[in-house]
Amino acid sequence: MKWKLYIPDGVQDILAEDSFMKRKLEYTMMTTFRHRHFHEIATPSIEFFDSFSGQKDIISQENMVKFFDEEGRILVLKPDLTVPVARVAATKYKEIRPFNVCYCQNIFRNKKDRYLDLKEFTQAGCEIIGIGDPSADGELIVTAIESLKNAGLTDFTIELNQIDYFKGLMADSGLDDSAVEIVRQLVDKKDFLGLEKEVESLGLQGDLKTAVVELPYLYGGVELLERLQKLDLGECSRNALRNLGDVLTYLEKANCLSWIAIDMGMVPTLHYYTGLVYQGFVPGMGMPILSGGRYDDLVAKFGEPSPATGFSVNVNYLMEALKRDGIPAMYREEE
């Protein structure tokens, strides 16, 4: 087999028409980020494995592309952009808070993505390091919405949740970590029947049982939050709803609520995210084109505790969403 004529599984040649569109799309998004006062940085494609080895909730060890340097140290092709930003914030910009940063770079995974069948992606995103207030989360969501609109996307929804609502329910339940993880996965996958059977087997009772079983069904607008705030919940869950309400108030003042939905059944990995979480979807695509949230414990892993929140757009997914009816006119190269 003449392998020199081919490329490995999970990577792609981006040919002229798509390449022009991709570059212009990246430029449009980065221009939006800079206009909203985010400063661009670029981190290396190669990082030490140690930077990611303790971040199992971001990406598994098996999903990292690993190799060795001349000293025998384990290196990885960068599988994520948030961790390197946290490292830079804690080491090279630790005197600057808030640290508002943006980026547009490739990431690499060992397993092909189930939607585009790729191991190499481009992500564009923003992070705010040093502000724990809901206004930072609101600012990022407004920036995300504006960047998608400027990119030419018209039909999309940003779905929000506050992860501490679920954490509070689980704390009140008294379940151990393994049982909590089983429940989390069932809720996140919207496995209604599986969740009901699991909750029944765990012996949860009363309002707490009802609240947990309801989680996958809790999707809607601001009125959903108003209904949940009337429930008799523990302090952690009440505070989560209050925080979510503050973010929604910020988004309402920014005239962005028309792109927002609440999804209390969105519960990604618990140890990484520490508050608000969100994902962006377009009709007809099962994978999110955008994801983000608060990760207040991550920067501390590099020696400089600091609240942090951010989001990233999967540029490859966004291109597919924009190209459904052919490449839009704004991305066509003039002859």
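This is a guided tour of a protein structure, to be followed in a viewer.

The model is predicted, so local features were taken at pLDDT of at least 70, side-chain atom pairs count only at pLDDT 80 or more, and totals for chains, interfaces and linings use all residues. Residues are numbered from 1 along each chain as its sequence is written, and side-chain values use heavy atoms, with hydrogens and water left out.

**Stop 1**

Display the model as a cartoon. Helices (H or I, at least four residues) and strands (E, at least two) are DSSP runs, numbered from the N terminus. Two strands pair if DSSP finds at least two bridges between them. Please find the open sheet of 9 strands, whose order is 1-5-6-12-11-10-7-9-8 and whose pairing is mixed. Next, select residues 39-40, which are strand 1, and residues 219-220, which are strand 8. These two strands stand at the edges; each has a single partner strand, so one side of each is left without a neighbour in the sheet.

Which residue of strand 9 is the bridge partner of Tyr-219? The partner is Asp-263.

**Stop 2: helices on this sheet**

Select helix 10, residues 235-253, which packs on the sheet and touches strand 7 (157-162), strand 9 and strand 10 (276-281). Contact means heavy atoms within 4.5 Å. The direction of helix 10 makes about 150° with that of strand 7. Axes are lines fitted to C-alpha atoms, for helices over the stretch in contact, and angles run from 0 to 180 degrees between N-to-C directions.

Then select helix 3, residues 82-91, which lies across strand 5 (99-108) and strand 6 (120-129). Helix 3 runs at about 140° to strand 5. In the loop between helix 3 and strand 5, find Pro-98. The peptide bond that joins Arg-97 and Pro-98 is cis, with omega about 0°.

**Stop 3: helix 1 and its surroundings**

Select residues 16-35, which are helix 1, together with helix 4, residues 134-150. Two packed helices are described by the angle between their axes and the distance between the axes. Here the axes come within 9 Å and cross at roughly 145°. The crossing of helix 1 and helix 4 is right-handed. A crossing is left-handed if the near helix is turned anticlockwise from the far one by less than a right angle, and right-handed if clockwise.

Show the side chains of the contact: Thr-28, Met-29, Thr-32 and Phe-33 belong to helix 1, and Thr-143, Glu-146, Ser-147 and Asn-150 to helix 4. These residues divide into 2 nonpolar, 5 polar and 1 charged. In this count, Ala, Val, Leu, Ile, Met, Phe, Trp, Tyr, Cys and Pro are nonpolar, Asp, Glu, Lys and Arg are charged, and the others, Gly among them, are polar.

Keep helix 1 selected. Its buried residues (under 20% relative accessible area; exposed is over 50%, partly exposed in between; 1.4 Å probe, protein chains only) include Met-21, Leu-25 and Met-30. The buried residues of helix 1 pack against strand 1, strand 5, strand 6, helix 4, strand 12 (308-314) and helix 11 (315-322).

Move on to His-37, in the loop between helix 1 and strand 1. Is His-37 buried or exposed? At 60% relative accessibility, His-37 counts as exposed. Phi of His-37 is near 70°, a positive value in a residue other than glycine.

**Stop 4**

Select strand 2 (46-48) and strand 3 (65-68), then strand 4 (residues 74-77). These strands form an open antiparallel sheet in the order 2-4-3. Strand 2 and strand 3 stand at the edges, each with a single partner strand, so one side of each is left without a neighbour in the sheet. Strand 3 and strand 4 pair over 4 bridges, and in strand 4 the bridge partner of Phe-68 is Ile-74.

**Stop 5: helix 8**

Finally, select helix 8, residues 206-214, and find Ala-211 within it. Ala-211 is buried, with a relative accessible area of 6%; Val-212 and Val-213 of helix 8 are buried too. What covers the buried residues of helix 8 includes helix 5 (163-173), helix 6 (177-188) and helix 7 (192-202). In the loop between helix 6 and helix 7, select Lys-190, which is partly exposed at a relative accessible area of 28%.
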